[in-house]
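Biologist: I want to know what stands behind each label you put on a structure. Please take me through the terms one by one.

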Amino acid sequence: MSNNILILITSPFQYWCAQEFLHQHSLLDRRITVINGASFCANSMIQIDRLHRRLVTVNEKTLVIPSNTSLDARIAPYASIAHELNKHDFEKVLIGDLREIWMQDIACFLDCSDIILVDDGAATNVFVEKLIAPSNFKLPIALHSQSESRRHEATKIKEQYGLFLKGKEISLFSIFPFPHYPNTIQNGLSVLKQLFSNTTVKANEECHFIGSPVVEKGIVAELEYYDILSHARTEIGKNTKLTYFAHRAEALETKRAYLETLGFDIEQHDEPYELVCATQGRKPSMIFGMHSTSLFNMKILLDGKIRAVCYKLNNRALSHLEEKMGGSDKFSLREHIESIYKRLNEFSIESQIV
């Protein structure tokens, strides 16, 4: 059997979940090849580089796919990598985001039948409902209701580059349970729990607000986001330390003055939030955030023994997202976010609308 594992990613969290899968299945000693498509975000590249250090052997290739160009120009870069990868046998292929067609195409091109989709955050919920289940857990999965001519054009270009795709069944590795689907494996965050158990825990010394790029993405107006931050500050009182963990995609320089006025400590890290907490032994008494996967992760990591609050968008804000697509025309950004809200009660996460 091959000792090679292939990981296809565009974010640090996808990579972290892939490493959790390797740990949970005793595969950390394998030869790991990572195709990193995160070059569009410098902070993501930094975090991914830090995560490489947690594996024994990693061979990384960076994939850059030009935007706003022809189909041919977008297919050519990953077709070349696919043929290079095809010289090797892979035991498993782990993919991080179904919305990245290059991941699906490489997985369906290689001669490997064990394909696992790892969590891309809480987006997994809408993926399962709108994409994976309707496709019976089989790749390739169409993301858009394309015309037949467009689909034929893409297939023709891929075959001109020698990419002949085979249908593949996939499994799902997720922090979220999907009891109705047998092709799912539970991610118990075993690495993070182990790290926490090996660290001196500093409990209840602070509260955390998990930053989000909702302003930068046009989901929430700047003043409305400041109202949310102000509400969180009021919720815990002036005398409790409240730390703002900035998201890697945030423009923090525009928020810093307001955060400091409210008395937030501000932290930016080269590792995912949960990993920072685990390695530093930080167990906050309370966490706040928008529709963040970290709320769910911390509930799992601390066995539910933490108060978590999700600030939900109001109906007016949600209605503006009905026409925005979440990487596929088979679901809107509103459906994406509401699929996360549906899971809050299951994890005993409180909700608040400001």
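Modeller: A salt bridge is a side-chain nitrogen of Lys or Arg within 4 Å of a carboxyl oxygen of Asp or Glu. Bear in mind that this is a predicted model: local features need pLDDT of at least 70, side-chain atom pairs count only at pLDDT 80 or more, and totals for chains, interfaces and linings use all residues. Residues are numbered from 1 along each chain as its sequence is written, and side-chain values use heavy atoms, with hydrogens and water left out.

Biologist: What makes Arg 343 and Glu 346 a salt bridge?

Modeller: Their side chains meet at 2.8 Å, N to O. The limit is 4 Å, so the pair counts as a salt bridge.

Biologist: Which residue pairs with Lys 241 in a salt bridge?

Modeller: Glu 206 does, with the closest N and O atoms 4.0 Å apart. The pair links distant parts of the chain, 35 residues apart. Lys 241 sits in the loop between helix 8 (222–236) and strand 11 (242–245). Glu 206 sits in the loop between strand 9 (202–203) and strand 10 (207–210). Helices (H or I, at least four residues) and strands (E, at least two) are DSSP runs, numbered from the N terminus.

Biologist: Which residues are linked with Glu 206 in a network of salt bridges?

Modeller: Lys 241, Asp 265, Glu 267 and Arg 282. A search of the whole structure finds 26 salt bridges.

Biologist: How do you know that Lys 255 and Glu 216 form a salt bridge?

Modeller: The N to O distance is 3.2 Å. Lys 255 lies in the loop between strand 11 and helix 9 (256–261), and Glu 216 in the loop between strand 10 and helix 8, so the pair ties together parts 39 residues apart in sequence. Lys 255 is buried, because its relative accessibility is 1%. Glu 216 is partly exposed, because its value is 31%.

Biologist: What makes strand 1 and strand 4 a pair?

Modeller: Two strands pair if DSSP finds at least two bridges between them. Strand 1 (residues 4–9) and strand 4 are joined by 4 bridges, so they pair, and they run parallel. Strand 4 also pairs with strand 5 (residues 115–118) in the parallel sense, over 3 bridges. Leu 94 stands opposite Ile 116 in strand 5.

Biologist: Which way do the residues of strand 4 point?

Modeller: Lys 92 and Leu 94 point one way from strand 4 (residues 92–95), Val 93 and Ile 95 the other way, and all are buried.

Biologist: What does Leu 51 touch, and why is Leu 51 called buried or exposed?

Modeller: Contact means heavy atoms within 4.5 Å. Not counting residues up to four places away in sequence, Leu 51 touches Pro 12, Tyr 15, Trp 16, Gln 19, Pro 272 and Leu 275. Its relative accessible area is 0%, so Leu 51 is buried. Leu 51 is found in helix 2 (residues 42–52).

Note on methods:
Buried means under 20% relative accessible area, exposed over 50%, partly exposed in between (1.4 Å probe, protein chains only).
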